[in-house]
Amino acid sequence: MTALVWLHEDALRHDHPVYTAAGEDVISCFFWDEDYLQKMDYGFKRLVFIYETLCELPVTIIHDSTVEGLIRLAENQSCETIYIPATPNPLLQEIIVELEHRLLVVIVEDTPFVSLTKDLDMKRFFRYWNKAKKLAMQPSDS
Amino acid sequence: MIELEKIFTNRKLLVKHVSEISPWLQDSNASSITGGISQAERQLQDIDPIEYCRTRNFLNGKVTKLSPYIRHGMLTLDRVRNEALSLCKDPQQIEKFIQELAWRDYWQRIYQRHPTHIWDDIESYKTGFQADEYEDELSADIATANTGVACIDQFIETLLRTGYMHNHTRMYVAAYIVHWRRIKWQAGAKWFLHHLIDGDPASNNFSWQWVASTFSNKPYIFNLDNVRKYAHAEINTNSSENAVLDASYEILTLNLFPNKGTEQ
Ligand SMILES: Cc1cc2nc3c(=O)[nH]c(=O)nc-3n(C[C@H](O)[C@H](O)[C@H](O)COP(=O)(O)OP(=O)(O)OC[C@H]3O[C@@H](n4cnc5c(N)ncnc54)[C@H](O)[C@@H]3O)c2cc1C
């Protein structure tokens, strides 16, 4: 069955692990969501940068509101699952929560810089760095 | 549901198209910094992490300018680190470079833990002032590069024209806004996020808090001698045109933070 990948502005590349998770038969899209872009308050230079990047990627750029557009697309293409790159952005997370009411959502993390425990002491950078340094200073397998 | 165009014969047409689909923006000037995975790859091939460690603090030093590509996920920190390591014999030679990548990872991890607190002061100011003694809004002279402090105006002009700034000039401008003008870091951070192509809620806001002292042990300040040390010939560092910056750290600390000594 075809899977839907929603590529958002935090993950603009075609070898993001979201594609491996979604499998070979995918529809990949980006939403030019005016409401979202205005809330993010991006300047024109950034919008050009993002658009230029999208032009090089195997994604369809859709001019629509993200939630309604994605739900409609999923219905039209009979996709039950939507794969989304992980993001800390609260506005994108709000969209994800709305999508979860209607579709099966799979969040896919990007390749980490270093793998560390989630409860790490991060009060100051050097507490983090003392733990991260050894791993950070060597190449990963990826 | 409208599918947007992806093929343009030249950049001018692409820029025009973006202007048409973002009618809420007044500005329609693109930056010379171009998007695209192929551009990200070219820039990654051009990094020199050893030279970086020697010159990164200088405004014309060999910094990578990878930030917009990293910010939007086109390059991972993992990929950049692996590439940098492949260019040196001993990882110690490029520790400073990897540590700078780690700063981004550190800020992202804090953001992931508390995504909705990204505009809150993490700690109180260590300047002798309370948060409510700072102005809420950025003044128009700052927004338009007309502060009258020559080097600060040049740094702001670069931001407005290119959408990019060197790390050192970000620190100078942020310190000028928060400590010389006594404006809340949030006002400056919001303005940076609008203009920077690499604008990132975590790297930007936490760096502003680091300068402000709400996420560090003391406020970051600089003086004109420091700008002279790291600037290049095009930056105006004349004393008379940068008078408010031209003093020793002791004098600046007394002038900018007069209550500091009396704090509990
Ligand atoms: C007030 C202020 C605001 C900032 N706002 C942003 C922002 O919105 N987005 C952003 O990406 N960076 C921000 N930074 C951090 C840093 O200035 C930029 O990442 C760096 O200048 C980008 O240029 P470069 O790619 O040539 O960096 P290089 O020096 O070549 O470093 C390589 C990469 O390491 C990372 N990096 C380097 N230094 C830092 C740092 N101090 N903190 C976090 N990551 C770092 C970046 O991803 C950068 O692309 C800010 C710093 C300050 C002081």
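**Ground rules**

By helices I mean DSSP runs of H or I with at least four residues, by strands runs of E with at least two, and both are numbered from the N terminus. I am working on a predicted model, where local features need pLDDT of at least 70 and side-chain atom pairs count only at pLDDT 80 or more, while totals for chains, interfaces and linings use all residues. Residues are numbered from 1 along each chain as its sequence is written, chains are lettered from A and ligands numbered from 1 in the order in which they are written, and side-chain values use heavy atoms, with hydrogens and water left out.

**Chain A, overall**

I started with the element list: chain A has 6 helices and 5 strands. Read from the N terminus, I get β-α-β-α-α-β-α-β-α-β-α. Of the 142 residues in chain A, 55% come out buried.

**The sheet**

Which strand order does the sheet have? I read off E5(A)-E4(A)-E1(A)-E2(A)-E3(A)-E1(B), an open sheet of 6 strands with mixed pairing. The edges are E5 of chain A and strand E1 (2-3) of chain B, each pairing on one side only. Pairing here takes at least two DSSP bridges between two strands.

I went through some of the pairs. Strand E2 (residues 26-31) of chain A runs parallel to strand E3 (residues 60-63) of chain A, with 3 bridges, and A:Phe30 has A:Ile61 as its partner in E3(A). Strand E1 (residues 3-6) of chain A is parallel to E4(A), over 2 bridges. There I found A:Leu4 bridged to A:Ile82 of E4(A).

**Strand E4(A)**

Among the partners, A:Pro85 bridges to A:Val108 in E5(A). The link between the two strands passes through helix H5 (residues 90-100) of chain A, and the β-α-β crossover is right-handed; with the strands pointing away from the viewer, that calls for a clockwise path from the first strand over the helix to the second. I also noted A:Ile84 standing opposite A:Ile107 of E5(A).

Is E4(A) mostly covered or open? Mostly covered, I find: 5 of the 5 residues in 81-85 are buried. In a regular strand, side chains alternate between the two faces of the sheet. I checked each face: A:Thr81, A:Tyr83 and A:Pro85 are buried on one side, A:Ile82 and A:Ile84 on the other.

**Helices of chain A**

Next I looked at helix H3 (residues 44-55) of chain A. Its 12 residues reach 17 Å from first C-alpha to last, close to the expected 16 Å, which is 1.5 Å times one less than the number of residues. I count H3(A) as largely enclosed by the rest of the structure, because 12 of its 12 residues are buried.

I then picked A:Ile71, which sits in helix H4 (residues 66-76) of chain A. A:Ile71 is buried at a relative accessible area of 10%. I get 7.5 Å between the C-alpha atoms of A:Ile71 and A:Leu99, although they are 28 residues apart in sequence.

**Ligand shell**

Which residues are closest to the ligand? Among the 27 residues that surround it, I list B:Tyr52, B:Thr64, B:Lys65, B:Tyr164 and B:Asn167 as the closest; near here means a heavy atom within 4 Å.

I looked for polar contacts, meaning N or O pairs within 3.5 Å; within protein, one atom must be able to donate a hydrogen and the other to accept it, and residues adjacent in sequence count only if both atoms are side-chain atoms. A ligand oxygen is 2.7 Å from a polar backbone atom of B:Lys65. A ligand nitrogen is 3.1 Å from a side-chain N or O of B:Glu100, and a ligand oxygen is 2.9 Å from a side-chain N or O of B:Tyr164. Alone, the ligand exposes 820 Å², of which the protein buries 96%; areas are Shrake-Rupley with a 1.4 Å probe, and for residues only the protein chains shown count as cover.

Helices H4 (67-71), H6 (95-113), H9 (167-180) and H11 (201-212) of chain B are the elements giving two or more residues to the shell. H6(B) gives the most, with 5 residues.

**Back across to chain A**

I stayed on helix H6 of chain B for B:Arg109. B:Arg109 is buried, at 16% relative accessible area. A polar atom of the B:Arg109 side chain lies 2.6 Å from the backbone oxygen of A:Val114.

Technical notes. Buried means under 20% relative accessible area, exposed over 50%, partly exposed in between (1.4 Å probe, protein chains only).
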